[in-house]
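Me: Please take me through the surface, the contacts and the secondary structure of the model below, and give the cut-offs behind each term as it comes up.

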Amino acid sequence: MEAQAQGLLETEPLQGRDEDTVASADYSSMLSEEEKEELKAELVQLEDEITTLRQVLSAKERHLVEIKQKLGMNLMNELKQNFSKSWHDMQTTTAYKKTHETLSHAGQKATAAFSNVGTAISKKFGDMRRK
């Protein structure tokens, strides 16, 4: 009996197929006129609340834009700040530090190798001139 009762108390949200089943069911024949009126009143109230919330959100978004304008913040500045922060965050990662260190070391080795090659070529030209 416990397992059967557990199935009645599902805690998971409705999924696509479940929503379709609920949406296609006709419950109106099971409701009394009083229940229908109560549900209609609740529906109107919910719609009004949603409209109010949308208006409040819109007003807050306008206020946000005004504050950003007063602070001199615009889309380009925000993008620059986001890019700078992302670049800084990336530079502080271990992978970046190791890669930077490896490439720096490789660059130093390459510079030394080119210097040695340049010295060797200069020496050879000097030897050729003396002969």
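**Surface patches and contacts**

Me: Which residues gather in a patch of negative charge on the surface?

Reply: This is a predicted model, in which local features need pLDDT of at least 70 and side-chain atom pairs count only at pLDDT 80 or more, whereas totals for chains, interfaces and linings use all residues. Residues are numbered from 1 along each chain as its sequence is written, and side-chain values use heavy atoms, with hydrogens and water left out. A patch is built from residues with over 30% relative accessible area and no salt bridge, like charges being joined within 9 Å and nonpolar side chains (Val, Leu, Ile, Met, Phe, Trp, Tyr) within 5 Å; Lys and Arg count as positive and Asp and Glu as negative, without His or the chain ends, and a charge is placed at NZ of Lys, CZ of Arg, CG of Asp or CD of Glu. Under these rules the negative patch consists of Glu34, Glu35, Glu38 and Glu42.

Me: Is Glu34 buried or exposed?

Reply: Glu34 lies in helix α3, where helices (H or I, at least four residues) and strands (E, at least two) are DSSP runs numbered from the N terminus. Buried means under 20% relative accessible area, exposed over 50%, and partly exposed in between, with a 1.4 Å probe and protein chains only. The relative accessibility of Glu34 is 58%, so this residue counts as exposed.

Me: What is the accessible area of the nonpolar patch on the surface?

Reply: Areas follow the Shrake-Rupley method with a 1.4 Å probe, and for residues only the protein chains shown count as cover. Together, Val117, Ile121, Phe125 and Met128 have an accessible area of about 410 Å².

Me: How many salt bridges does the count come to?

Reply: A salt bridge requires a side-chain nitrogen of Lys or Arg within 4 Å of a carboxyl oxygen of Asp or Glu. Among those found are Glu33 with Lys36 (3.7 Å, N to O), which lie 3 residues apart in helix α3 (residues 33–70), about one turn of the helix, and Arg130 with Asp127 (3.0 Å, N to O), likewise 3 residues apart, in helix α5. As for accessibility, Glu33 is exposed at 55% and Lys36 partly exposed at 24%, while Arg130 is exposed at 68% and Asp127 partly exposed at 28%. By this rule the count comes to 4.

Me: Which helices hold Glu78 and Lys68?

Reply: The side chains of Glu78 and Lys68 meet in a salt bridge, with 3.0 Å from N to O. The pair ties together parts that are 10 residues apart in sequence, because Glu78 and Lys68 lie respectively in helix α4 (residues 75–91) and helix α3.

Me: Why is the pair of Trp87 and Tyr96 edge-to-face?

Reply: Rings of Phe, Tyr and Trp (its six-membered ring) pair if their centres lie within 6.5 Å, and planes under 30 degrees apart count as stacked, over 60 as edge-to-face and the rest as tilted. The count by this rule is 1 aromatic pair. The centres of the Trp87 and Tyr96 rings are 6.1 Å apart, and the pair is edge-to-face because the angle between their planes is 75 degrees.

Me: What pattern does the protein follow along the sequence?

Reply: Of the 131 residues in the protein, buried ones make up 1%, and carbon and sulfur atoms hold 59% of an accessible surface of about 12,500 Å². The secondary structure comes to 5 helices and 0 strands. Read along the sequence, the pattern is α-α-α-α-α.
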